[in-house]
Amino acid sequence: MRYVVVGAGAVGGTIGGRLHQSGADVLLVARGEHAAVMRRDGLRLVRPGADDVLAVAVETEVARLRLAPDDVVLLAVKSQDTPGVLADLVRAGLAPDQPVVCAQNGVSNELLALRVTSRVHGVRVWLPASSPRPGVVVAQGAPMSGNLDLGRFPSGTDATSEAVAADLERSGFVARPDPDVMRWKRGKLLANLGNGVEALCGPEADASDLLAAAREEARRCFAAAGLDWPSREEEVARRGDQVELVDLPDWPRGGGSTWQSVTKGATSTEVDHLNGEVVLLGRLHDVPTPVNAAVQALVHDLVRRGGRPGDVTVDDVRRSAQTLRKL
């Protein structure tokens, strides 16, 4: 079984690198200078107590892949890039029953993948990592690199779930097959609602009231839609002390995935699939979501004008949410 990791950035690079270290057959798919450096020098994977250079196979274009029937495609691109990647995978010969594993934030990717293959797996990703420069991935989780529970979408598990979970466990992750993985992914979505605020206001901003309000809006939307989610206590108990974020002095951590995108000058972010997912549910079920809508709109504006984290204050977000409450 070969793992074709599409999107070998922070998350994909950590997963692919650790699978490679455990002896799995891995092909990384990446773009630009990051791909060029990995092809030339290897993937440098830094983690607590280790700094390794890995000679992993790298491809630069999804459409040029030659997929084999027993390949497992592991998607680790940002959610906004999923539709284009899936179209390229179809052009590359993705079979209608090819396993596609969505190791991504949000809860929208699995439904998109199910349009092109019948065997879709969701992964609840809890994996602190960054890619500070081309060719380098820094994974800060210890003693295990991350928590990657997975299961079939929309529900259930199968032999692929079992095999992938076992490979991930051997590679240094906490992973188990879970028949209700989307419930856990909704719990992770609640945590990720702070990503947009962090991208707007910076990691040091005191936005606890906004985060609490955004998450409460999401819970109301989940309830209105008849969707379940784990409690904070369940999340903490599942992760336990197996995945702790360790500071690496030579590789200081900035912020989360959306902060990283904005800092690098990306022209798009995953905000539509995080805060925007709550806004969508609110519109479908008549639940007001002014805080999430404000964050979504302000992130769009920040990216459109080429702004940076910290350009928007917490008060700016509060005022925008207050305006939307009145509409």
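This is a predicted model: local features need pLDDT of at least 70, side-chain atom pairs count only at pLDDT 80 or more; totals for chains, interfaces and linings use all residues.
His273 lies in the loop between H10 and helix H11 (275–285).

**His273 and its surroundings**
- His273 has a relative accessibility of 18%, and it counts as buried because that value is under the 20% cut-off.
- The side chain of His273 makes a polar contact with the side chain of Ser108, at 2.7 Å.
- When its neighbours within four places in sequence are left aside, His273 is in contact with Ser79, Gln80, Gly106, Ser108 and Leu189.

**The sheet**
- Seven strands form an open sheet with mixed pairing, and their order across the sheet is S5-S2-S1-S6-S7-S8-S12.
- The edges are strand S5 (57–59) and strand S12 (147–152), each of which pairs on one side only.
- From one strand to the next, the twist averages 25 degrees.
- Strand S8 (residues 120–126) and S12 run antiparallel and are joined by six bridges; Gly122 has Gly151 in S12 as its bridge partner.

**Helices packed on the sheet**
- Helix H1 (residues 10–21) packs on the sheet, where it touches strand S1 (2–6), strand S2 (25–29), strand S6 (72–75), S8 and S12, and the direction of H1 makes about 160 degrees with that of S2.
- Helix H3 (residues 82–91) also packs on the sheet, touching S1 and S6, and the direction of H3 makes about 160 degrees with that of S6.

**The buried side of H3**
- Thr82, Val85, Leu86 and Leu89 are the buried residues of H3.
- These residues lie on the same side of H3 because they cover an arc of only 100 degrees around the axis.
- The partners against which the buried residues of H3 pack are S1, S6 and helix H4 (109–114).
- Just after H3, Gly93 takes a positive phi of about 100 degrees.

**Gln260 in helix H10**
- Gln260 has its place in helix H10 (residues 257–263), and with a relative accessible area of 13%, which is under 20%, Gln260 is therefore buried.
- A polar atom of the Gln260 side chain lies 3.1 Å from the backbone oxygen of Gly255.
- Not counting residues up to four places away in sequence, Gln260 touches Ala10, Ala129, Ser130, Ser131, Arg253 and Gly255.

Definitions and conventions:
Residues are numbered from 1 along each chain as its sequence is written. Side-chain values use heavy atoms; hydrogens and water are left out. Helices (H or I, at least four residues) and strands (E, at least two) are DSSP runs, numbered from the N terminus. Buried means under 20% relative accessible area, exposed over 50%, partly exposed in between (1.4 Å probe, protein chains only). A polar contact is a pair of N or O atoms within 3.5 Å; within protein, one must be able to donate a hydrogen and the other to accept it, and residues adjacent in sequence count only if both atoms are side-chain atoms. Contact means heavy atoms within 4.5 Å. Two strands pair if DSSP finds at least two bridges between them. Axes are lines fitted to C-alpha atoms, for helices over the stretch in contact, and angles run from 0 to 180 degrees between N-to-C directions. The arc is that of the directions from the helix axis to the C-beta atoms.
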